[in-house]
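The sequence and the structure are shown first.

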Amino acid sequence: MALSPVFLAYVGAFGAAVVGCVVGFRRALQVADTDTRRGLAGVVAGSGGWALFELAFLVAPSPFLKYVAYDLSLVVGLSTVGAWLYFCSAYTGRAFHRNTTYRRAAVATYVGIVTVKLTNHVHGLYFTTIPVQSPFPHLAIQHGTIHWLVAGLSYALVAVGFFMLFELFLQADYDTRPLGALVGVTALPVALDVVGFASPLLVDINYEPLGVAAFALGVLYVYEAEFLAVQLTDGVDDAIVYLDANNRIREYNGRASDLFAALDGATGQPFDDVLPEVAETLSDDHPVVERAVDGETRYYLASDTSFSLGQSDIGRMVVFSDVTRTERKRRELERHNEQLEGFAAAIRHELLNTLQIIGGRVTIAGNALDRGNVETARESLQTASSTTDRMSSIVEDLSLLARHGKTLGDTERVDFTNAVEDAWADADVDDLSLSMEGDDDVIADPTRLRELLASAFAFAAHNGASEVTVERGDDWFAIAGDGQPPGDTEPAEFFEYGSAVPDSEAGILLPNVRMLAAVHGWSASLDTEYEKGIRVVVSGTESVSGPVDSAA
């Protein structure tokens with residue numbers, strides 16, 4: 001007798017579920033976390049056993065064996081609910097599965113329901129059977145009220161488990177769509193149950209093992225990295241990107257996509273192509289990534305590690321930890337150290353220069369006295385004395401700058417035009433003329449800003465300028481003097497303490513400009529394209545326009 005295609009379809013579906021669960025069980029045993037492994041292995045084993053007894057119900061040669069197979073399928077199927085809750089509790093980091101009270105209540109409930117199921121042949125309250133021939137010969141199942149009560153309880157418990165999973169995905173800030181897809185596949189057999197109960201289109205049996213098997217295999221083979229990623233980062237507030245074994249982007253959480261807009265839609269693309277600057281930073285000794293977040297610069301320590309499933313490495317996890325506070329302190333300390341080294345170099349240079357001048361002048365004075373030339377001797381000694389005074393003045397200036405080079409406290413809105421005029425009055429600029437372009441206010445420390453400008457003006461005067469122009473841009477300002485161009489001198493040397501560029505008298509003026517700019521978080525550099533003299537550009541300034549808020 002030819003077998004019905006419908007019958008073969010049912011046998012094929014449940015047979016595939018059995019084979020899939022047998023294969024998946026070995027994979028489930030490779031899950032790293034002990035409790036999660038037990039729960040997931042229980043789900044796979046229970047689902048496989050459930051599908052196996054459903055298959056036996058379909059192919060058994062006698063009504064009695066069909067009845068026994070179906071009854072046992074109900075017993076095994078109920079155990080799958082317990083394994084499911086165990087898995088969800090363990091995977092999400094809860095302790096429900098270890099709670100003695102819950103476990104005893106679950107066992108007591110299970111034993112009570114199983115007793116009703118196994119004695120169904122006596123009372124018939126759980127289900128009854130009727131032999132039918134359509135769409136193929138089988139026992140038609142008519143479920144009783146107790147079955148639907150137990151089914152309702154089971155569905156409610158399964159929903160609780162899904163709630164725990166969704167909550168974890170949301171807390172870990174991951175895309176819940178993969179989980180939603182698995183939920184949809186798992187819930188589809190419930191709809192088949194309803195159709196089978198309400199119409200003759202489907203055989204009225206339990207289709208749930210198909211859905212449970214699909215969920216377990218989906219976790220183990222399709223979304224294993226995503227589920228592992230979520231479990232690993234439970235309670236972690238950092239941005240995280242997961243890469244597969246080929247260094248392609250596989251998954252990332254919401255914090256990562258907020259931090260790196262390039263990640264959106266980049267799943268499957270090489271990490272080095274999507275975030276080349278980060279990939280390069282990972283190989284540094286100090287892998288810190290700088291990002292602009294809500295209008296401020298923040299720093300993130302990038303670290304990566306491989307993760308595995310069983311004995312096989314399946315990818316890497318790149319974690320971005322916010323180290324803004326520490327990095328700012330480190331950079332400030334580094335700046336202070338560089339500043340102190342610069343001050344030491346400047347003082348050392350001035351000391352050696354002064355000693356040479358004094359030694360030379362004293363020698364000249366002695367020789368002049370030997371010749372009876374008192375006037376020359378006096379002038380030489382006066383020069384030696386004034387040189388000593390000049391060095392003392394420079395040391396005092398450096399001491400003042402050392403105090404001003406410390407980390408800024410509060411800054412305020414400063415009228416840039418007034419600051420320029422005050423600094424011009426402070427600087428020794430003789431007969432130089434001043435012109436200004438732009439007048440936006442700036443957020444700064446007033447004293448340090450004035451000293452910065454005064455040092456720049458003094459340098460322009462010393463460099464032979466006759467006119468100084470101050471320009472104000474959106475996030476920069478520049479001081480240009482029409483004096484001697486830099487020539488072949490490297491621009492960086494103008495800002496080094498002790499370099500004495502272009503000469504010893506001007507050696508600390510531009511270094512002071514850079515230091516006072518760095519205190520504010522700005523940068524100072526020479527405009528190498530400026531040919532009329534020397535133009536110093538201070539970048540990164542915060543400009544403000546419009547009237548001052550009186551409430552501020």
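1. The model is a predicted one. The points that follow should be read with this in mind.

2. Rolling a probe the size of a water molecule over the atoms shows where empty space is left. Here the count comes to one cavity of 30 Å³ or more. About 70 Å³ of space lies in the largest cavity.

3. Which residues lie nearest the centre of the largest cavity? They are Ala 456, Phe 459, Ala 460, Gly 481 and Ile 534, out of 13 residues in the lining. Helix 16 (446-462), strand 12 (476-481) and strand 14 (534-539) each give two or more residues to this lining.

4. The lining of the second largest pocket holds 16 nonpolar residues, six polar and one charged.

5. A pair of aromatic rings is described by the distance of the centres and the angle of the planes. In the whole structure, a search finds 17 aromatic pairs. One of them is the tilted pair of Phe 57 and Tyr 70, at 5.1 Å centre to centre and with 50 degrees between the planes. This pair links distant parts of the chain, with Phe 57 in helix 2 (residues 34-59) and Tyr 70 in helix 3, 13 residues apart. Phe 57 and Tyr 70 are both buried.

6. Why is the pair of Phe 260 and Phe 320 called tilted? The ring centres of Phe 260 and Phe 320 are 4.9 Å apart and the planes stand at 55 degrees, so the pair is tilted. Phe 260 lies in the loop between helix 10 (254-259) and helix 11 (271-274), and Phe 320 lies in strand 7 (residues 312-322), so the pair ties together parts that are 60 residues apart in sequence. Phe 260 is buried, at a relative accessible area of 1%, and Phe 320 also counts as buried, at 1% relative accessibility.

7. Trp 84, Phe 87, Tyr 91, Phe 162 and Phe 215 form one aromatic cluster.

8. Charged groups also meet rings. The charged end of Arg 472 sits over the ring of Phe 416, 5.4 Å from its centre. Arg 514 lies over the face of Phe 495, at 4.2 Å from the ring centre.

Definitions and conventions:
Residues numbered from 1 in each chain as written. Predicted model: local features only at pLDDT ≥ 70, side-chain atom pairs only at ≥ 80, totals over all residues. Heavy atoms only, no water. 1 Å grid on protein atoms, 1.4 Å probe; cavity = no way out; pocket = protein on both sides within 12 Å on 5 of 7 lines; lining within 4 Å. Points joined across faces, edges and corners; volume = space filled by probe spheres on them. Helix = DSSP H or I, 4+ residues; strand = E, 2+ residues; numbered from the N terminus. Nonpolar A, V, L, I, M, F, W, Y, C, P; charged D, E, K, R; others polar. Phe/Tyr/Trp six-rings, centres within 6.5 Å; stacked < 30°, edge-to-face > 60°. Buried < 20%, exposed > 50% of the residue type's maximum accessible area, 1.4 Å probe, protein only. Lys NZ or Arg CZ within 6 Å of the ring centre and 35° of its normal.
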